Amino acid sequence: MGKYFGTDGFRGEANVTLTVEHAFKVGRYLGWYYSKEHKAKVVIGKDTRRSSYMFEYALVAGLTASGADVYLLHVTTTPSVSYVVRTEEFDLGIMISASHNPFYDNGIKVINSRGQKLEASVEELIEQYIDGEIGEIPFALKENIGRTIDYAVGRNRYIGYLISIATRSFKDKRVALDCSNGSASSIAKNVFDALGAKTYVINNEPDGTNINNNCGSTHIEILQNYVKENQLDVGFAYDGDADRCIAVDENGAVVDGDAIMYISGVYMKEHGQLENDTVVTTIMSNIGLYMALDEKGIRYEKTAVGDKYVCENMMANGYCLGGEQSGHIIFSKHATTGDGILTSLKLMEAMLENKSTLGTLRRDLKIYPQLLVNVQVPDKDRIMENEEIIRVSRQVEEELGRKGRLLLRPSGTESLIRVMVEAETDEICKKYVDLVVEKIKRIV
């Protein structure tokens with residue numbers, strides 16, 4: 001991770017740690033960097049938080065001042081920006097979003113011409129420019145100044161692409177969609193309505209401050225209750241920029257990213273679609289997922305946390321399914337990033353082709369209890385390198401043995417240490433999480 005760019009772009013509280021000056025400089029450098037040999041084409045999307053408009057204008061000013069032409073998708077999803085970049089010959093894309101964070105945070109995600117997260121080497125150059133370590137870059141002059149073009153048509157093409165992926169009609173299926181008052185609000189219902197579902201939509205009225213507020217994939221209990229109360233077939237919840245999906249089955253039970261990978265992996269293997277019979281996970285995936293995959297003869301790889309690393313592994317090895325427990329799922333035949341709405345469509349495909357429910361499809365997956373606690377710290381590196389923390393971590397790992405594990409890691413986007421224990425019972429999880437958290441707080 002760099003000084004400003006983490007695992008998912010440049011993120012922070014709007015006008016505190018991420019300012020319009022930062023956004024302008026990001027635009028200035030990217031516009032200049034990609035216009036060295038030709039006039040760069042950049043496409044920008046944003047989510048529904050109030051500050052997204054402010055950052056959009058700052059980025060546009062920087063990009064056009066450096067000579068790039070900018071195409072605006074307006075409110076849309078992160079995966080739609082990735083799709084437009086890679087299919088319509090753009091040099092890069094930018095998504096303005098802080099994903100699942102509160103409305104007062106925001107972020108700048110840069111996507112390269114292949115539709116993937118920007119290379120770390122270019123992020124490092126941007127950081128050097130922001131900090132004044134690179135000399136001033138020239139402004140574009142006269143006819144070389146960039147233009148700004150309305151490009152809502154790109155979002156519409158993405159909607160059409162999603163609809164084309166479905167293999168069956170959703171007619172007679174009663175589907176709930178929790179749009180998190182975010183980016184999915186402009187897309188998800190259109191897709192499911194076009195495919196014939198009887199669609200029930202909640203949290204679909206963004207006002208700039210209600211994104212992710214007691215709704216969406218980070219507050220799945222809202223959708224659970226809604227599905228049960230209305231006796232629906234299935235429900236899907238998205239996060240702020242709709243690159244995540246968490247599902248709810250017909251009984252109101254949560255189907256998280258691990259369960260989604262299990263259902264999709266088994267379905268794809270049965271239909272000869274799972275390349276090398278392998279699923280790519282992160283180190284956060286549950287032990288139960290690996291045991292269930294073993295039973296089905298499916299191999300797996302483990303990466304660092306972040307769909308960026310999952311995608312890199314998949315592309316390097318030719319795998320076609322991977323993701324995170326949090327709901328970032330990548331189907332590489334169709335997308336190069338996590339895509340919440342696409343994930344919904346693939347789960348619907350597995351249900352319809354098997355003439356089954358989500359609850360039935362995931363019944364052989366036994367999830368081990370898992371407890372995750374975030375600890376606020378002023379210096380993540382100091383905690384991770386502390387000898388006492390290293391010692392207590394080894395002690396916990398030895399006592400858990402093969403029947404559990406401890407995962408201690410710094411957040412890629414916030415000043416947090418994440419302490420996760422997985423074990424046979426909730427009591428064991430709590431015992432060891434409390435032990436490690438107490439040690440961290442004493443040091444802080």
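User: In which sense do strand 2 and strand 6 pair?
Analyst: In this predicted model, strand 2 (residues 9-13) and strand 6 (residues 105-111) pair in the antiparallel sense, over four bridges. Within strand 6, N106 stands opposite G12.

User: What holds strands together in general?
Analyst: Strands of a sheet pair through backbone hydrogen bonds, and the pairing is either parallel or antiparallel.

User: What is the strand order in the open sheet of seven strands?
Analyst: The order is 1-2-6-5-3-4-7, and the pairing is mixed.

User: And which strands are at the edges?
Analyst: Strand 1 (5-6) and strand 7 (148-150) are the edge strands, each pairing on one side only.

User: Which strands does helix 1 lie across?
Analyst: Helix 1 (residues 20-33) lies across strand 2, strand 5 (92-96) and strand 6. The angle between helix 1 and strand 6 is about 5°.

User: Switching to holes. How many cavities of 30 Å³ or more are there?
Analyst: The count comes to two.

User: What lines the largest cavity?
Analyst: Its lining is made of G6, T7, D8, G9, K109, V110, K117, L118, E123 and K308. By class, that lining has five charged, three polar and two nonpolar residues.

User: And which residues line the second largest cavity?
Analyst: The second largest cavity is lined by P79, Y83, R86, Y158, Y161, L162, I165, H334, A335, D339 and L342. Helix 3 and helix 5 (152-165) are the elements that give two or more residues to this lining. The largest share, four residues, comes from helix 5.

User: What is the class make-up of the lining there?
Analyst: The lining of the second largest cavity has eight nonpolar, one polar and two charged residues.

User: What about the largest pocket, how much space lies in it?
Analyst: The largest pocket holds about 1,100 Å³ of space. It is lined by 39 residues, and R244, S326, L372, R409 and R418 lie nearest its centre.

User: Which elements give two or more residues to that lining?
Analyst: Helix 10 (307-317), strand 17 (370-376), strand 18 (405-410) and strand 19 (416-422) do. The largest share, four residues, comes from strand 17. By class, the pocket lining has 16 polar, 13 nonpolar and ten charged residues.

User: How do strand 17 and strand 19 run relative to each other?
Analyst: They run antiparallel, joined by seven bridges. The bridge partner of N374 in strand 19 is R418.

User: And strand 18 with strand 19, in which sense do they pair?
Analyst: Also antiparallel, over six bridges. In strand 19, I417 is the bridge partner of P410.

User: Why is strand 19 described as largely enclosed?
Analyst: Because seven of its seven residues are buried, strand 19 is largely enclosed by the rest of the structure. Buried here means under 20% relative accessible area. Both faces are covered, with L416, R418, M420 and E422 buried on one side and I417, V419 and V421 buried on the other.

User: Last one: where is Q395, and why does it count as partly exposed?
Analyst: Q395 is in helix 14 (residues 387-400). Q395 counts as partly exposed because its relative accessibility is 29%.

User: How far is Q395 from I149?
Analyst: Their C-alpha atoms are separated by 59 Å, and the two residues are 246 residues apart along the chain.

Conventions:
Residues numbered from 1 in each chain as written. Predicted model: local features only at pLDDT ≥ 70, side-chain atom pairs only at ≥ 80, totals over all residues. Heavy atoms only, no water. Pairing = 2+ DSSP bridges. Contact = heavy atoms within 4.5 Å. Axes fitted to C-alpha atoms, helices over the stretch in contact; angles between N-to-C directions. 1 Å grid on protein atoms, 1.4 Å probe; cavity = no way out; pocket = protein on both sides within 12 Å on 5 of 7 lines; lining within 4 Å. Points joined across faces, edges and corners; volume = space filled by probe spheres on them. Nonpolar A, V, L, I, M, F, W, Y, C, P; charged D, E, K, R; others polar. Buried < 20%, exposed > 50% of the residue type's maximum accessible area, 1.4 Å probe, protein only.
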